[in-house]
Amino acid sequence: MTSAWLRHAGSAGVYLRTMAVFIGVWWLIALWTANPILLPTPPVVLDAAIGLARDLELFHHAGISLGRMVISITLASLLAVPLGLAMGLSPRFERIVDPTIEVLRPISGIAWIPLALFIFGIGNALPVFIMTYAAFFPIVLGTVLGVRTVDRRLIDAARTMGVPQRTIVTRVVIPAALPSLLVALRVGVALSWTAVVAAELIGAPSGLGYGVEWYRELLMTPQVMSFIAMIGVIGYICDAGVRWLNRHFTPWAAAR
Amino acid sequence: MTATATMTAAASMNANAKLRLTDVTKRFQVRGAPDTVAVDNLTLDVRQGEFLVIVGPSGCGKTTVLNMLAGLDTPSSGTVAIDERVITAPGPDRGVMFQDYALYPWQTVWGNVEFGLRYGPAGNGLDDKARQERVRRTIDLVGLKGAERKYPNQLSGGMRQRTALARLMANEPDVLLMDEPLAALDAQTRIILQDELLRIWGQDRPAAERRTVVFITHAIDEAVFLADRIAVMTTHPGRLKAVIDVPLARPRGDATRALPEFQALTQHIWSLIRDEAYRATVA
Amino acid sequence: MARDSTWSRWGTGLVLPLVLLLTWEAIGAMLQSPRTPVPTKIIAAAGVLIASGDLPLAILQSLGRVFGGLMVAVAIALPLGLAMGNSRAVERNVDPVVETFRPIAAIAILPLAILWLGTGTAAAVMIVAYAAFFPLIVNTVAGAKNVHPTLLQAAATMGLSRFTIIRTVVIPAALPSIFVGLRIALAVGWTAIVAAELAVGAKAGGGGSGGIGQMMFIFYAYSIELNRIIVCMIAVGLIALVLDRGLRALMRASMPWVKS
């Protein structure tokens, strides 16, 4: 236990040291360019961040963006997982549906923004639509892959025990496909989070992406940077969250 | 050669055949190439309560035969039957042990052993208590007491093999079909598990009370140690070359391996498949 | 199982898209609003845009920016990644910074880029470079690190210097991983440029940025040509496919020892 703690403390130390170097270089360049709009110094940014945090504006927008992502991932999963299961279990069904998916997949969620703006207008629905679309494809493909790569022998073993087909799907195929599904979920979350920024920047009246753009128009760079940093932090937390889900629900799968 | 095979096969046909393969042929269609004949006109009986081992070089169709007995595959022509009923589908009466155990990684040992009883017809008519009792008995039988809560990735190879065995034994099958179950183990563990296998099977009980076993292996000494009879197959296409009786007394143990009859039988069988095995290495 | 002829496979694949397209066309005819986008009008719009040269020009502009950004990213990420993969010290000092910025999507940096470089090509290239940097460096480091130690030992026993080993063993061994990173970087870069051009188009009032993303926005905000928007969307998708397939072909050609 102590050795793990020491290891974590050690790597935290390296992290702080490296970031300190980075901040130092930033500070020097900021002083040299002497343009507070172009590149504010670290303390100014920190000050702005604290200010935004104190009046909760930063957290307010973070919560909104996060909420949109939770809704999008849920929607995307509800659509993509059953579809992926059906495709993985029935080659015929896959052959019918797959080309349509493969045609739509290269059209990124972001390319949908103008059309979606027309359909939904500026508001909550737009980011959720874009994010759901973005997360949908990796989750479908990951589910299909997970189902297809289930070890044939696991299914055969159940058959030789006389287990009925439906139970095989619920008690063998789904648990065996779960690791792949959760990996795909990680990708979906990442793509979805990227999409939220783009969608909010262009087409939403709230959220972190909106905040970044709002303060840019006001030329308040320290606040812009604070929001950008928050985007990074939440992105990291979400990824860590899905990784935790991986470890918790599929402990037998190799850690990625 | 063929005449001898037919005579030996005919001699082994008798009334109390548990499993019967009659003129079984299995062809596999490969796109753009002529069909592969995995098994060619095979006729073989497996007697009730006997331990039959199928031996032969790689690719001689041993696994295909097992799959057909299991019902995972159907013959292109000919019939496969258990108790005179044609086999069309897999079922718990013919338990299968696969080469890499096929244990469910998300289930503990207990969960794996319980699986067939919980989700399959073998558990019908068992209430929770009776089911748990049977699982416990089976786990004790294979020597896994204390490891119930472990996951497969925490088990050694030998323990995984016991778990796989327990999983199929829990369903109390009439027939055990085993596809090279000991192949992945090191030599020392292999020997110990061969003894264990015979014990669990009940080698000192009369044939009527024992389960029927069809066992596939590459290792000739393993075959001679375990078997009542050995079916020798050849490859390209897979045919039955000979059926050899193994008259070594039961119960068998370490002493059996030292007997001169053991050596003689091993040599004899090796002589039957040696040429084919050599050709497989240079092909 | 019956043998599948390629034709019957193609057939089943086309069923669903055809049904959807026909339904769409029918609904459009029923709605009778001139602005509703409909497959036939989309094809017509595509013809117009291609013939006038607008679409090809926009695509070329965007592609140019993507390649520009990609080159910048490769120039930084490849040497840095190899250095990190070969030296624990370098990795320990650089990795924290990389990992801190990796969760921040390129598009979030766009306002900063516009602040620093204006709304033109420079900012666009910067965004693409930023976006492409991360998959490139992650995969280069992984490729350099995952060189099988026995390969390195074999080279060492033949008396090669450290730099020669990097040049003749590490780089070829890491090449598949690097290409994977390049593939992802290309896809990410293409998405990023569309997003950047879209956003700039939205904020700069439709002037100056050029490229397919901006064209899409103009069709949305100014001429409200939904058919043309959809043409652009399809173009975005097609280009993404072509880029990916092209790179895969390049991979197969330059690394014949790798199973594709």
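**View 1. The contact between chain A and chain C.** In this predicted model, 40 residues of chain A are in contact with 41 residues of chain C, where two residues count as in contact if their C-beta atoms, placed from the backbone, lie within 7 Å. On the side of chain A that touches chain C, at least two residues each come from α1 (2-33), α4 (91-104), α5 (113-120), α8, α9 (208-217) and α10 (221-249), and α10(A) gives the most, with 8 residues. By class, this side of chain A has 29 nonpolar, 7 polar and 4 charged residues (Ala, Val, Leu, Ile, Met, Phe, Trp, Tyr, Cys and Pro count as nonpolar, Asp, Glu, Lys and Arg as charged, and the others, Gly among them, as polar). Residues are numbered from 1 along each chain as its sequence is written, while chains are lettered from A and ligands numbered from 1 in the order in which they are written. Because the model is predicted, local features need pLDDT of at least 70 and side-chain atom pairs count only at pLDDT 80 or more, whereas totals for chains, interfaces and linings use all residues.

**View 2. The helices α6 and α8 of chain A.** Chain A has 10 helices and 0 strands (helices, H or I of at least four residues, and strands, E of at least two, are DSSP runs numbered from the N terminus). Helix α6 (residues 125-148) packs against helix α8 (residues 165-203) at an angle of about 160°, with their axes 7 Å apart; the axes are lines fitted to C-alpha atoms over the stretch in contact, and angles run from 0 to 180 degrees between N-to-C directions. The two helices, α6(A) and α8(A), are therefore roughly antiparallel to each other, a term for angles over 145 degrees. Their contact is made up of 22 nonpolar, 7 polar and 1 charged residues.

**View 3. The open sheet of chain B.** In chain B, 4 strands form an open sheet in the order β2-β1-β4-β5, with antiparallel pairing (two strands pair if DSSP finds at least two bridges between them). At the edges stand β2 (36-47) and β5 (85-86) of chain B, each with a single partner strand, so one side of each is left without a neighbour in the sheet. Strand β4 (residues 77-82) of chain B pairs with β5(B) over 2 bridges, and Ile82(B) stands opposite Arg85(B) in β5(B).

**View 4. The contact between chain B and chain A.** Here 23 residues from chain B meet 14 residues from chain A. On the chain B side, β6 (94-97) and α3 (109-119) each supply at least two residues.

Key: Angles under 35 degrees count as roughly parallel, over 145 as roughly antiparallel, 65 to 115 as roughly perpendicular and the rest as oblique.
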